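Biologist: I have not looked at this one before. Can you walk me through it?

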Amino acid sequence: MESAAALPEGLFFDLISAKEVDTVYELEAKSFPPEEAATIEKLRYRQENAPELFLGAFVPHTGGGRALLGYVNGVLSSEATLTSESMSTHVLGAHTVLIHGVCVASDSRRRGIASALLAEYQRRLEAAGSYERALLIAHEDKLGFYERFGFKSRGLSNISFAGVTWLELEWTVPVEVDRSGSAPHTILPGLLESLQGRSNPQLQGQLLSAFTNGILDVSETEGDRTINRYDLLCVNDVVGVLSLGEG
Ligand SMILES: CC(C)(COP(=O)(O)OP(=O)(O)OC[C@H]1O[C@@H](n2cnc3c(N)ncnc32)[C@H](O)[C@@H]1OP(=O)(O)O)[C@@H](O)C(=O)NCCC(=O)NCCS
(Lines give C-alpha, C1' and ligand atoms only; values in the text may rest on other atoms or scores of the structure.)
Protein backbone atom coordinates (compact mmCIF):
# COMPACT_ATOMS: atom_id res chain seq x y z
CA MET A 1 0.00 0.00 0.00
CA GLU A 2 1.27 3.47 -0.93
CA SER A 3 2.48 5.49 2.04
CA ALA A 4 0.99 8.93 2.44
CA ALA A 5 3.39 11.80 1.77
CA ALA A 6 2.78 15.13 3.44
CA LEU A 7 2.30 18.41 1.63
CA PRO A 8 5.71 20.03 0.93
CA GLU A 9 6.95 22.21 3.76
CA GLY A 10 6.33 25.91 3.17
CA LEU A 11 3.80 25.31 0.37
CA PHE A 12 2.02 28.53 -0.49
CA PHE A 13 -0.22 29.89 -3.22
CA ASP A 14 0.13 33.05 -5.25
CA LEU A 15 -0.81 34.42 -8.64
CA ILE A 16 1.50 33.54 -11.51
CA SER A 17 3.49 36.54 -12.71
CA ALA A 18 4.24 37.30 -16.36
CA LYS A 19 7.84 36.22 -15.94
CA GLU A 20 6.77 32.83 -14.59
CA VAL A 21 4.75 31.85 -17.67
CA ASP A 22 7.78 30.19 -19.31
CA THR A 23 8.14 27.92 -16.25
CA VAL A 24 4.43 27.12 -16.42
CA TYR A 25 4.86 26.20 -20.07
CA GLU A 26 7.72 23.82 -19.22
CA LEU A 27 5.48 22.04 -16.69
CA GLU A 28 2.54 22.05 -19.10
CA ALA A 29 4.57 20.51 -21.92
CA LYS A 30 5.91 17.78 -19.64
CA SER A 31 2.53 16.99 -18.08
CA PHE A 32 0.10 16.83 -21.00
CA PRO A 33 0.26 14.99 -24.31
CA PRO A 34 1.31 17.43 -27.09
CA GLU A 35 -2.23 17.63 -28.51
CA GLU A 36 -3.62 18.63 -25.08
CA ALA A 37 -0.88 20.96 -23.86
CA ALA A 38 -1.50 24.70 -24.14
CA THR A 39 0.91 26.66 -26.30
CA ILE A 40 3.08 29.36 -24.74
CA GLU A 41 0.96 31.96 -26.58
CA LYS A 42 -2.23 30.66 -24.96
CA LEU A 43 -0.64 30.65 -21.52
CA ARG A 44 0.61 34.22 -22.02
CA TYR A 45 -2.85 35.29 -23.17
CA ARG A 46 -4.44 33.84 -20.01
CA GLN A 47 -1.85 35.40 -17.70
CA GLU A 48 -2.14 38.80 -19.38
CA ASN A 49 -5.92 38.87 -19.56
CA ALA A 50 -7.02 36.92 -16.51
CA PRO A 51 -4.08 37.07 -14.05
CA GLU A 52 -6.44 36.72 -11.08
CA LEU A 53 -7.44 33.26 -12.39
CA PHE A 54 -3.86 31.98 -12.81
CA LEU A 55 -2.83 30.55 -9.47
CA GLY A 56 0.41 28.78 -8.64
CA ALA A 57 1.51 26.45 -5.85
CA PHE A 58 5.02 27.30 -4.70
CA VAL A 59 7.66 26.45 -2.15
CA PRO A 60 10.41 28.87 -1.14
CA HIS A 61 13.47 28.27 -3.31
CA THR A 62 16.64 27.34 -1.48
CA GLY A 63 18.60 29.99 -3.39
CA GLY A 64 15.92 32.63 -2.85
CA GLY A 65 12.74 33.25 -4.78
CA ARG A 66 10.17 30.53 -5.22
CA ALA A 67 9.86 27.24 -7.05
CA LEU A 68 6.67 26.45 -8.95
CA LEU A 69 5.18 23.02 -8.15
CA GLY A 70 1.79 23.35 -9.81
CA TYR A 71 -0.81 25.70 -11.19
CA VAL A 72 -4.39 26.12 -12.28
CA ASN A 73 -5.57 28.69 -14.79
CA GLY A 74 -8.76 29.89 -16.37
CA VAL A 75 -10.63 32.54 -18.32
CA LEU A 76 -14.08 34.06 -18.00
CA SER A 77 -16.93 33.29 -20.34
CA SER A 78 -20.41 34.69 -20.81
CA GLU A 79 -21.64 31.33 -22.12
CA ALA A 80 -23.16 28.77 -19.78
CA THR A 81 -21.37 25.86 -21.41
CA LEU A 82 -17.88 25.18 -22.67
CA THR A 83 -17.15 25.66 -26.36
CA SER A 84 -13.87 25.72 -28.26
CA GLU A 85 -14.31 29.46 -28.80
CA SER A 86 -15.15 30.30 -25.19
CA MET A 87 -12.12 28.33 -24.04
CA SER A 88 -9.76 30.48 -26.05
CA THR A 89 -11.12 33.92 -25.16
CA HIS A 90 -11.49 35.87 -21.94
CA VAL A 91 -14.69 37.89 -21.51
CA LEU A 92 -14.00 40.63 -19.00
CA GLY A 93 -16.65 40.86 -16.28
CA ALA A 94 -18.34 37.55 -17.18
CA HIS A 95 -19.47 35.22 -14.40
CA THR A 96 -18.48 31.76 -15.59
CA VAL A 97 -14.91 30.63 -14.95
CA LEU A 98 -13.54 28.16 -17.48
CA ILE A 99 -10.76 26.22 -15.80
CA HIS A 100 -8.12 25.14 -18.27
CA GLY A 101 -6.43 22.56 -16.20
CA VAL A 102 -4.83 21.66 -12.94
CA CYS A 103 -1.25 20.56 -13.20
CA VAL A 104 1.41 19.46 -10.71
CA ALA A 105 5.07 18.67 -11.47
CA SER A 106 5.49 14.92 -11.86
CA ASP A 107 7.99 14.59 -8.99
CA SER A 108 5.59 16.36 -6.60
CA ARG A 109 2.41 14.41 -7.30
CA ARG A 110 0.28 12.36 -4.89
CA ARG A 111 1.16 14.59 -1.98
CA GLY A 112 -2.11 16.49 -2.01
CA ILE A 113 -0.79 19.57 -3.88
CA ALA A 114 -3.50 19.57 -6.59
CA SER A 115 -6.14 19.08 -3.92
CA ALA A 116 -4.81 21.99 -1.84
CA LEU A 117 -4.42 24.17 -4.93
CA LEU A 118 -7.95 23.51 -6.14
CA ALA A 119 -9.38 24.15 -2.68
CA GLU A 120 -7.52 27.49 -2.54
CA TYR A 121 -8.71 28.36 -6.05
CA GLN A 122 -12.31 27.68 -5.06
CA ARG A 123 -11.88 29.70 -1.88
CA ARG A 124 -10.66 32.68 -3.93
CA LEU A 125 -13.47 32.37 -6.47
CA GLU A 126 -15.97 32.28 -3.65
CA ALA A 127 -14.37 35.26 -1.89
CA ALA A 128 -14.39 37.34 -5.08
CA GLY A 129 -18.18 37.29 -4.90
CA SER A 130 -18.67 37.79 -8.63
CA TYR A 131 -18.47 34.31 -10.12
CA GLU A 132 -21.44 32.02 -10.67
CA ARG A 133 -19.88 28.75 -11.69
CA ALA A 134 -16.67 27.09 -12.75
CA LEU A 135 -16.59 24.69 -15.69
CA LEU A 136 -13.90 22.37 -16.94
CA ILE A 137 -13.52 19.37 -19.19
CA ALA A 138 -11.80 16.26 -17.95
CA HIS A 139 -11.16 12.66 -18.82
CA GLU A 140 -13.50 10.24 -17.09
CA ASP A 141 -10.71 8.91 -14.87
CA LYS A 142 -10.45 12.35 -13.22
CA LEU A 143 -14.16 12.53 -12.38
CA GLY A 144 -13.69 11.14 -8.86
CA PHE A 145 -10.94 13.67 -8.15
CA TYR A 146 -13.09 16.66 -9.14
CA GLU A 147 -16.22 15.29 -7.49
CA ARG A 148 -14.43 15.60 -4.16
CA PHE A 149 -14.44 19.35 -4.74
CA GLY A 150 -18.13 19.56 -5.53
CA PHE A 151 -17.85 19.36 -9.32
CA LYS A 152 -20.72 17.52 -11.00
CA SER A 153 -20.69 15.90 -14.40
CA ARG A 154 -22.92 17.44 -17.04
CA GLY A 155 -22.26 14.48 -19.33
CA LEU A 156 -20.24 14.45 -22.52
CA SER A 157 -18.86 17.79 -23.60
CA ASN A 158 -19.63 19.14 -27.07
CA ILE A 159 -15.95 19.74 -27.40
CA SER A 160 -14.05 17.17 -29.36
CA PHE A 161 -10.54 18.07 -28.45
CA ALA A 162 -7.32 16.13 -28.94
CA GLY A 163 -9.35 13.41 -30.68
CA VAL A 164 -11.01 12.07 -27.51
CA THR A 165 -14.30 12.57 -25.70
CA TRP A 166 -14.45 14.73 -22.57
CA LEU A 167 -16.81 15.16 -19.69
CA GLU A 168 -17.99 18.65 -18.87
CA LEU A 169 -17.92 19.28 -15.13
CA GLU A 170 -19.52 22.12 -13.22
CA TRP A 171 -19.00 23.58 -9.77
CA THR A 172 -21.55 26.13 -8.61
CA VAL A 173 -19.87 28.91 -6.65
CA PRO A 174 -21.77 29.16 -3.37
CA VAL A 175 -22.39 32.91 -3.34
CA GLU A 176 -25.25 35.11 -4.35
CA VAL A 177 -24.26 37.17 -7.38
CA ASP A 178 -25.58 40.72 -7.58
CA ARG A 179 -25.49 41.74 -11.24
CA SER A 180 -28.36 44.21 -11.10
CA GLY A 181 -26.05 47.21 -11.14
CA SER A 182 -29.08 49.23 -10.10
CA ALA A 183 -28.61 49.04 -6.38
CA PRO A 184 -25.34 50.77 -5.54
CA HIS A 185 -24.15 50.42 -1.98
CA THR A 186 -25.16 53.31 0.22
CA ILE A 187 -23.73 54.42 3.52
CA LEU A 188 -25.10 56.67 6.18
CA PRO A 189 -24.47 60.36 5.42
CA GLY A 190 -21.26 61.53 7.10
CA LEU A 191 -20.15 58.06 8.21
CA LEU A 192 -17.25 57.80 5.80
CA GLU A 193 -16.06 61.35 6.53
CA SER A 194 -16.23 60.77 10.22
CA LEU A 195 -14.26 57.50 9.98
CA GLN A 196 -11.60 59.14 7.85
CA GLY A 197 -11.27 62.12 10.13
CA ARG A 198 -10.95 59.87 13.17
CA SER A 199 -8.05 57.83 11.82
CA ASN A 200 -6.15 60.10 9.43
CA PRO A 201 -7.55 62.94 7.34
CA GLN A 202 -5.28 61.95 4.45
CA LEU A 203 -6.64 58.44 4.11
CA GLN A 204 -9.09 57.74 1.32
CA GLY A 205 -12.10 55.55 2.03
CA GLN A 206 -13.55 53.46 -0.79
CA LEU A 207 -16.31 50.92 -1.14
CA LEU A 208 -15.28 47.37 -1.96
CA SER A 209 -17.43 47.61 -5.07
CA ALA A 210 -15.04 50.29 -6.41
CA PHE A 211 -12.34 47.62 -6.80
CA THR A 212 -12.48 45.79 -10.14
CA ASN A 213 -11.65 42.39 -8.68
CA GLY A 214 -13.43 42.82 -5.37
CA ILE A 215 -11.83 41.09 -2.44
CA LEU A 216 -8.88 39.93 -4.59
CA ASP A 217 -7.74 43.55 -4.95
CA VAL A 218 -7.75 44.29 -1.25
CA SER A 219 -5.97 41.17 -0.08
CA GLU A 220 -2.77 39.37 -0.98
CA THR A 221 -1.03 36.15 -0.13
CA GLU A 222 2.07 36.17 2.03
CA GLY A 223 3.48 32.73 2.57
CA ASP A 224 0.50 30.55 3.39
CA ARG A 225 -1.49 33.48 4.78
CA THR A 226 -3.89 35.86 3.11
CA ILE A 227 -3.45 39.37 4.45
CA ASN A 228 -5.43 42.58 3.97
CA ARG A 229 -3.73 45.35 2.00
CA TYR A 230 -5.99 47.94 3.63
CA ASP A 231 -7.84 48.53 6.85
CA LEU A 232 -11.18 46.94 6.13
CA LEU A 233 -14.41 47.87 7.78
CA CYS A 234 -17.62 45.93 7.38
CA VAL A 235 -20.37 48.35 8.28
CA ASN A 236 -23.27 46.05 7.55
CA ASP A 237 -24.24 43.45 4.99
CA VAL A 238 -25.67 46.09 2.64
CA VAL A 239 -22.73 48.45 2.65
CA GLY A 240 -20.10 45.73 2.44
CA VAL A 241 -16.55 46.73 3.16
CA LEU A 242 -14.88 50.11 3.33
CA SER A 243 -11.22 50.50 2.64
CA LEU A 244 -9.67 53.17 4.79
CA GLY A 245 -6.21 53.43 3.29
CA GLU A 246 -3.11 51.27 3.24
CA GLY A 247 -2.91 48.71 6.00
C1 LIG B 1 -4.02 15.26 -11.89
C2 LIG B 1 -2.94 15.94 -11.08
C3 LIG B 1 -3.12 17.44 -11.21
C4 LIG B 1 -3.05 15.52 -9.62
O5 LIG B 1 -2.05 16.19 -8.86
P6 LIG B 1 -1.61 15.69 -7.40
O7 LIG B 1 -0.93 16.80 -6.71
O8 LIG B 1 -0.89 14.41 -7.55
O9 LIG B 1 -3.04 15.45 -6.76
P10 LIG B 1 -3.34 15.08 -5.26
O11 LIG B 1 -2.12 14.57 -4.58
O12 LIG B 1 -4.04 16.22 -4.63
O13 LIG B 1 -4.38 13.91 -5.46
C14 LIG B 1 -4.23 13.04 -6.58
C15 LIG B 1 -4.37 11.63 -6.15
O16 LIG B 1 -3.38 11.31 -5.22
C17 LIG B 1 -4.02 10.80 -4.03
N18 LIG B 1 -3.25 11.32 -2.92
C19 LIG B 1 -3.38 12.52 -2.35
N20 LIG B 1 -2.53 12.65 -1.32
C21 LIG B 1 -1.85 11.49 -1.28
C22 LIG B 1 -0.83 11.02 -0.47
N23 LIG B 1 -0.36 11.78 0.53
N24 LIG B 1 -0.32 9.81 -0.72
C25 LIG B 1 -0.79 9.06 -1.70
N26 LIG B 1 -1.77 9.44 -2.51
C27 LIG B 1 -2.30 10.65 -2.30
C28 LIG B 1 -5.37 11.35 -4.05
O29 LIG B 1 -6.25 10.52 -3.31
C30 LIG B 1 -5.67 11.33 -5.48
O31 LIG B 1 -6.03 10.03 -5.86
P32 LIG B 1 -6.98 9.75 -7.07
O33 LIG B 1 -7.04 10.97 -7.93
O34 LIG B 1 -6.34 8.60 -7.76
O35 LIG B 1 -8.30 9.43 -6.48
C36 LIG B 1 -1.52 15.54 -11.56
O37 LIG B 1 -1.44 14.14 -11.60
C38 LIG B 1 -1.16 16.10 -12.92
O39 LIG B 1 -0.68 17.22 -13.03
N40 LIG B 1 -1.39 15.31 -13.99
C41 LIG B 1 -1.06 15.72 -15.35
C42 LIG B 1 -1.96 16.83 -15.81
C43 LIG B 1 -3.43 16.44 -15.72
O44 LIG B 1 -3.84 15.38 -16.19
N45 LIG B 1 -4.23 17.34 -15.11
C46 LIG B 1 -5.65 17.16 -14.95
C47 LIG B 1 -6.35 17.72 -16.13
S48 LIG B 1 -8.10 17.49 -16.02
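Modeller: Start with helix H1 (residues 21-31), whose buried residues are Val 21, Val 24, Leu 27 and Glu 28. Buried means under 20% relative accessible area with a 1.4 Å probe, protein chains only; helices are DSSP runs of H or I, at least four residues, and strands are E runs of at least two, numbered from the N terminus. This is a predicted model, where local features need pLDDT of at least 70 and side-chain atom pairs 80 or more, while totals for chains, interfaces and linings use all residues. Residues are numbered from 1 along each chain, and side-chain values use heavy atoms, without hydrogens and water.

Biologist: What do the buried residues of H1 pack against?

Modeller: Helix H2 (40-49), S3 and S4. Contact here means heavy atoms within 4.5 Å.

Biologist: Switching to Thr 96, where is that found?

Modeller: In strand S4.

Biologist: Buried or exposed?

Modeller: Thr 96 counts as buried, because its relative accessibility is 2%.

Biologist: Which side chain does Thr 96 join in a polar contact?

Modeller: That of Arg 133, at 2.8 Å. A polar contact is a pair of N or O atoms within 3.5 Å; within protein, one must be able to donate a hydrogen and the other to accept it, and residues adjacent in sequence count only if both atoms are side-chain atoms.

Biologist: And what else does Thr 96 contact?

Modeller: Leaving aside neighbours within four places in sequence, its contacts include Val 75, Leu 76 and Leu 135.

Notes:
Buried means under 20% relative accessible area, exposed over 50%, partly exposed in between (1.4 Å probe, protein chains only).
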